[in-house]
Amino acid sequence: MFCPKCKAEYRAGFTRCADCGENLVEQLPSEEPPVRDKHADNAELVQILTTSDMTDVITIKSILDSEGIEYLLRGEQMMYIDPYDPVILYVRQEDTERVMALLKDVKLNYFRFIFHKDQYK
Ligand SMILES: [Zn+2]
């Protein structure tokens, strides 16, 4: 059991945090849930990764283009203005596993995977 406020862990049987008086929960909400783009018109988009490297963007685009996967690169134009503003790659939720498999072995210069498969269970 965990306190949602101070994140203290309690043994089973406890219902209230001794410090905050908060009701304990079985599991703390995950710190970094995948961000979904609510503005997508017809599909639910999932953030896959961020990169600040132009070469990465070109590599990713060529892979996804050749596989015929639809994607959205947010902030691509901004890279020319502010190279430290990372580009975010979004794909449709149903393509997520395929994209992850495709990009898994690709050598990218600077990127960070955002998507965590486990959080979809
Ligand atoms: Zn507490």
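1. The model is a predicted one, and its chain contains 2 helices and 5 strands. Followed along the sequence, these elements come in the order β-β-α-β-β-α-β.

2. Of the 121 residues in the chain, 15% count as buried. As for contacts between residues at least 6 apart in sequence, 54% of them join residues that are at least 24 apart.

3. Strand S4, residues 87-92, pairs with strand S2, residues 45-51, in an antiparallel arrangement that is joined by 6 bridges. Within this pairing, Thr51 has Val87 of S4 as its bridge partner.

4. Strand S3, residues 71-74, also runs antiparallel to S4, and 4 bridges join the two. Here Leu73 is the residue that stands opposite Leu89 in S4.

5. Two packed helices are described by the angle between their axes and by the distance between those axes. For helix H1, residues 54-67, and helix H2, residues 96-104, the angle is about 130° and the axes are 11 Å apart. An angle over 145 degrees would count as roughly antiparallel, and 65 to 115 as roughly perpendicular, so H1 and H2 are oblique to each other. The crossing of H1 and H2 is right-handed.

6. On the H1 side of the helix contact are Ile60, Ile63, Leu64 and Glu67, which meet Val99, Leu102 and Leu103 of H2. Sorted by class, the contact of H1 with H2 has 6 nonpolar residues and 1 charged residue, with no polar ones.

Notes
Residues numbered from 1 in each chain as written. Predicted model: local features only at pLDDT ≥ 70, side-chain atom pairs only at ≥ 80, totals over all residues. Buried ≥ 20, exposed ≤ 12 C-beta atoms within 10 Å, placed from the backbone. Contact = placed C-beta atoms within 7 Å. Pairing = 2+ DSSP bridges. Axes fitted to C-alpha atoms, helices over the stretch in contact; angles between N-to-C directions. Parallel < 35°, antiparallel > 145°, perpendicular 65-115°, else oblique. Left-handed = near helix turned anticlockwise from the far one by under 90°. Nonpolar A, V, L, I, M, F, W, Y, C, P; charged D, E, K, R; others polar.
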